[in-house]
Amino acid sequence: TDRYENLMSDIEKGAIKILDSGVSTELERRGCRMGERYWSGRVSIDAFETLVDTHKSYIDAGADIITTNSFATSRLILNDSQNLQDIDAINNKNIEAALTAREQLGANEILIAGSISHQVAWQRDGHTFKQQIDIPVSNEDMTQAFDEMISFFENGVVDVILLEMMTIPRRINLLFESLSTSGLPVWCGFSAKRYKKNSPLCSWHDHSVKFKKILENTSDCNFDVCGIMH
């Protein structure tokens, strides 16, 4: 889009641009109903106006890019019968909420980033939640989910796709394959962790995978922006 080209041109000239903060976290703070397995996955149809107001608050606070509330809305997460039947409505309303916020404020220069994660539905292991790396998911299911999310964003006229908290190499690589045929620009956010004070940086979800290795896997990808996410 022209607004995307203008923003990237400003960045190349040295301007600083601000991405919004955690959308789902803010929705939770505002009292929206959260699901144990799908977190904020239904907010766009359960509390649409609150989602719009959240985007507007980020714009008012100075954000140049707002992010759709889709971190937890792929079929990898919304995989029970009730939510799967609403998946189209959920994701289309996510995009509509961001577009509405921009329109209501007359902030046509604000970019909309379509969020994609490789998260699967949260699962309990006794009193705690399982690590993502310990939850099996097939390549076929991941590819179907990724292709579907990309399609939502291509049809919904977002400005850029934002990959959130990329940490698990197998899932990352399948997502990259799905993105290879998309015409939308891509920004990639990685998440890392130190398990001990002086240990090397590693994957957020798998201490056996060095963070450097994850970055090396992206060296052939044509991403406009890469960065670190919490």
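I looked up Arg33 and noted that Arg33 counts as exposed, because its relative accessibility is 53%. Here buried means under 20% relative accessible area, exposed over 50%, and partly exposed in between, with a 1.4 Å probe and protein chains only.

The model is predicted, so I kept in mind that local features need pLDDT of at least 70 and side-chain atom pairs pLDDT 80 or more, while totals for chains, interfaces and linings use all residues. Residues are numbered from 1 along each chain as its sequence is written, and side-chain values use heavy atoms, without hydrogens and water.

I next looked up the partner of Arg33. The side chain of Arg33 meets that of Asp46 in a salt bridge, at 2.9 Å from N to O. This term denotes a side-chain nitrogen of Lys or Arg within 4 Å of a carboxyl oxygen of Asp or Glu. The pair links distant parts of the chain, 13 residues apart: Arg33 is in the loop between α2 (23-29) and α3 (43-46), and Asp46 is in helix α3. Helices (H or I, at least four residues) and strands (E, at least two) are DSSP runs, numbered from the N terminus. Asp46 is partly exposed at 39% relative accessibility.

I then turned to Glu148, which forms a salt bridge with Arg75, the closest N and O atoms being 2.7 Å apart. Glu148 lies in helix α7 (residues 139-155) and Arg75 in the loop between β1 (65-67) and α5 (81-84), so this pair ties together parts 73 residues apart in sequence. Glu148 counts as buried at 16% relative accessibility, whereas Arg75 is partly exposed at 23%.

Finally, I recorded that shared partners join Arg33, Arg42, Asp46 and Asp86 into one network of salt bridges. The structure holds 11 salt bridges.
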